[in-house]
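Work through the exercises below with the sequence and the 3D structure at hand. Try each task before reading its solution.

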Amino acid sequence: MFERFTEAARSVVKGAVTHAERTDADSVTEEHLLLALLDLRGTRSAAAFDALGVSARRTSVESALADARRRGGLTRADTEALAGLGIDVTEIVSRVEAAHGAGALSGGRKPKRRWSSHRPFTRPAKDTLERSLRVALGRGDRHISDEHLLLALAARPGVVADVLADHGATYTALERAVAGGPSGDAKAS
C-alpha cells in the first residue's frame with residue numbers, strides 16, 4: 001500500500017512516528033497522524049486546515065487531544081453516555097489523578113523497550129491508513145495523499161474526529177475544503 005503514498009502522505013507517516021518518539025509513546029496513534037498533518041505546509045490538507053481555521057487554533061487542538069488523553073481516551077459520546085448513567089467522568093478523572101498523579105489515565109506508564117526503538121502503529125492508526133486507500137479510490141484517485149489521510153481520520157469515529165469536528169473540521173467541511181485547495185503532489189515518490 002505504501003507504494004501508492006505520495007511524498008506528502010509519506011511525510012505524514014514519518015511525522016507521526018516523530019511525534020510518537022517526542023512524547024515517548026509506545027505506539028503511533030491517530031493523534032500522531034493528526035499532529036503530523038498539522039505540520040504540513042503547501043498541501044491540500046494544509047489548505048483545508050487554513051480554510052477552516054484549524055491551523056490558527058493548533059494549540060486548542062493539542063489541548064483537546066491532551067484532555068481526551070486525561071480522560072483515558074474517552075470520546076465525547078462515551079462521556080455523554082456515562083453522564084446519562086449518572087457517571088461524571090470529570091469527577092472520576094479528578095479522583096484518580098488526586099490518588100495517582102496527573103495524567104494517570106493517559107497511559108503514561110510505558111514498559112521499557114528492550115530490543116529496538118521501533119514504535120508500532122495502533123490498530124486504529126492502521127485502520128486509518130487502510131481507510132485512506134478507500135477514500136482515494138472512492139474519489140477516483142490513483143495515489144494516496146495527505147488529504148486522503150485527513151479525510152480518513154475525520155471519517156473514523158473517535159477522539160480525533162471529535163476534536164476535528166469541535167474545531168469546525170467535520171468530514172463534510174473537510175471534503176469541501178480539500179476540493180478547493182491547491183493541487184498537492186499527485187505523483188507517488
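A residue is called buried under 20% relative accessible area, exposed over 50%, and partly exposed in between. The structure shown is a predicted model.

**Exercise 1. Classify Ile87, Asp24 and Glu31 as buried, partly exposed or exposed.**

Solution. 
- Step 1: Ile87 has 31% relative accessibility, so Ile87 counts as partly exposed. Ile87 is found in the loop between α5 (76–84) and α6 (89–100).
- Step 2: Asp24 has 43% relative accessibility and therefore counts as partly exposed. Asp24 is placed in the loop between α1 (7–22) and α2.
- Step 3: For Glu31 the value is 16%, so Glu31 counts as buried. Glu31 belongs to helix α2, which covers residues 30–39.

**Exercise 2. Find which residues Glu31 touches, leaving out residues up to four places away in sequence.**

Solution. 
- Step 1: Start from Glu31 in α2.
- Step 2: With residues up to four places away in sequence not counted, Glu31 touches Leu65, Arg69 and Val160.

**Exercise 3. Describe the buried side of helix α10 and explain why its buried residues lie on the same side.**

Solution. 
- Step 1: Helix α10 covers residues 171–179, and Ala173, Leu174, Ala177 and Val178 are buried in it.
- Step 2: These four cover an arc of only 130° around the axis, which puts them on the same side of α10.
- Step 3: An α-helix has 3.6 residues a turn, so residues three or four places apart point the same way.
- Step 4: The buried residues of α10 pack against α3 (44–52), α8 (146–155) and α9 (159–166).
- Step 5: The face turned away from the buried side of α10 carries the exposed residues Arg176 and Ala179.

**Exercise 4. Report the confidence of the model for the chain, and locate stretches with pLDDT below 50.**

Solution. 
- Step 1: The protein chain has a mean pLDDT of 85, and 83% of its residues reach 70 or more.
- Step 2: Over residues 111–115 the pLDDT is below 50, and this stretch has 5 contacts in the model beyond near neighbours in sequence.
- Step 3: Over residues 183–189 the pLDDT stays under 50, and the model has 18 contacts for them beyond four places in sequence.

Note on methods: Residues numbered from 1 in each chain as written. Predicted model: local features only at pLDDT ≥ 70, side-chain atom pairs only at ≥ 80, totals over all residues. Heavy atoms only, no water. Buried < 20%, exposed > 50% of the residue type's maximum accessible area, 1.4 Å probe, protein only. Helix = DSSP H or I, 4+ residues; strand = E, 2+ residues; numbered from the N terminus. Arc of directions from axis to C-beta. Contact = heavy atoms within 4.5 Å. pLDDT = per-residue confidence, 0-100.
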